[in-house]
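The following exercises concern a protein and the ligand that accompanies it. Please study the sequence and the structure before working through the solutions.

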Amino acid sequence: QQSATKSIQSKSVTHNDWPIRGVGFLDISPLFLSNKDFDNVLSYWQHRFQGVDLVVGLEARGFILGSAFGQKCSLPFMMMRKKGKLPGTLLSEAYCKEYGRDEMEIQENILSYLPNGTIPKDRPLHVLIVDDVLATGGTICASIELTRKLLLIHNVKNFKISTAIISAIKSLNGKEKIYEKYNDVNIDVILDI
Ligand code: PRP
Ligand code: MG
């Protein structure tokens with residue numbers, strides 16, 4: 001974890017009062033310009049999350065992180081998008097985040113495209129949700145709820161959900177909020193700020 005933490009510390013910038021006054025926005029864009037630092041993060045997750053079956057990436061930076069991780073570990077990757085971006089029959093979940101309301105969506109039939117054998121028969125399906133920042137926890141809670149809805153619709157009742165997050169804003173107590181609602185979800189944050 002140490003090298004992943006160092007990579008994030010050296011390749012992220014906090015922008016004060018953005019997008020609104022009072023919010024400190026942690027921007028990890030520089031991380032993607034360094035293959036070595038980006039890979040330190042992916043390697044940490046690879047070590048930390050062995051036995052994952054499916055990766056879910058949250059728009060927008062969770063797409064970059066999650067799809068890179070999925071590709072590195074040869075795991076299927078699924079997008080969870082902001083409202084209005086996906087075609088087809090959708091499942092959606094509205095939520096409150098640090099600066100306003102939002103809604104996440106996922107395609108209802110996306111699991112039918114999973115490679116055969118992705119859903120294990122003799123142990124829980126392990127889903128890893130990936131995002132860049134944990135603030136109030138609204139986004140992650142909505143993504144957990146949506147993942148659960150999706151799995152239950154497809155009759156997958158035996159599953160376990162973990163979340164991989166680059167950085168959490170400690171003062172907003174996002175982790176505690178998630179644990180309150182979902183005490184069985186494993187939350188991994190590389191850097192608490
Ligand atoms: C940011 C960040 C997280 C979310 C965390 O995304 O990337 O996804 O806020 O906030 P929360 O814990 O209070 O829910 P945002 O929705 O602002 O925009 P994005 O599309 O750029 O990811
Ligand atoms: Mg986001």
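A polar contact is a pair of N or O atoms within 3.5 Å. The model used throughout is predicted.

**Exercise 1.** Determine which residues make polar contacts with oxygen atoms of ligand 1, using Thr 136, Asp 132 and Ala 60.

*Solution.* Begin with Thr 136: a polar atom of its side chain is 2.5 Å from an oxygen atom of ligand 1. Next, take Asp 132, where a side-chain N or O atom lies 2.6 Å from an oxygen atom of the ligand. Finally, Ala 60 contributes through its backbone, with an N or O atom 3.1 Å from a ligand oxygen. Each distance is to be compared with the limit of 3.5 Å. As to cover, ligand 1 has 500 Å² of accessible area on its own, and the protein covers 89% of that area.

**Exercise 2.** Is Pro 124 buried, partly exposed or exposed?

*Solution.* First, locate Pro 124 in the loop between strand S6 (100–107) and S7. Then consider its relative accessibility: because this is 34%, Pro 124 counts as partly exposed. For its position relative to Asp 102, the C-alpha atoms are 30 Å apart in space, with a separation of 22 residues in sequence.

How values were computed
Residues are numbered from 1 along each chain as its sequence is written. Chains are lettered from A and ligands numbered from 1 in the order in which they are written. This is a predicted model: local features need pLDDT of at least 70, side-chain atom pairs count only at pLDDT 80 or more; totals for chains, interfaces and linings use all residues. Side-chain values use heavy atoms; hydrogens and water are left out. A polar contact is a pair of N or O atoms within 3.5 Å; within protein, one must be able to donate a hydrogen and the other to accept it, and residues adjacent in sequence count only if both atoms are side-chain atoms. Accessible areas come from the Shrake-Rupley method with a 1.4 Å probe; for residues, only the protein chains shown count as cover. Helices (H or I, at least four residues) and strands (E, at least two) are DSSP runs, numbered from the N terminus. Buried means under 20% relative accessible area, exposed over 50%, partly exposed in between (1.4 Å probe, protein chains only).
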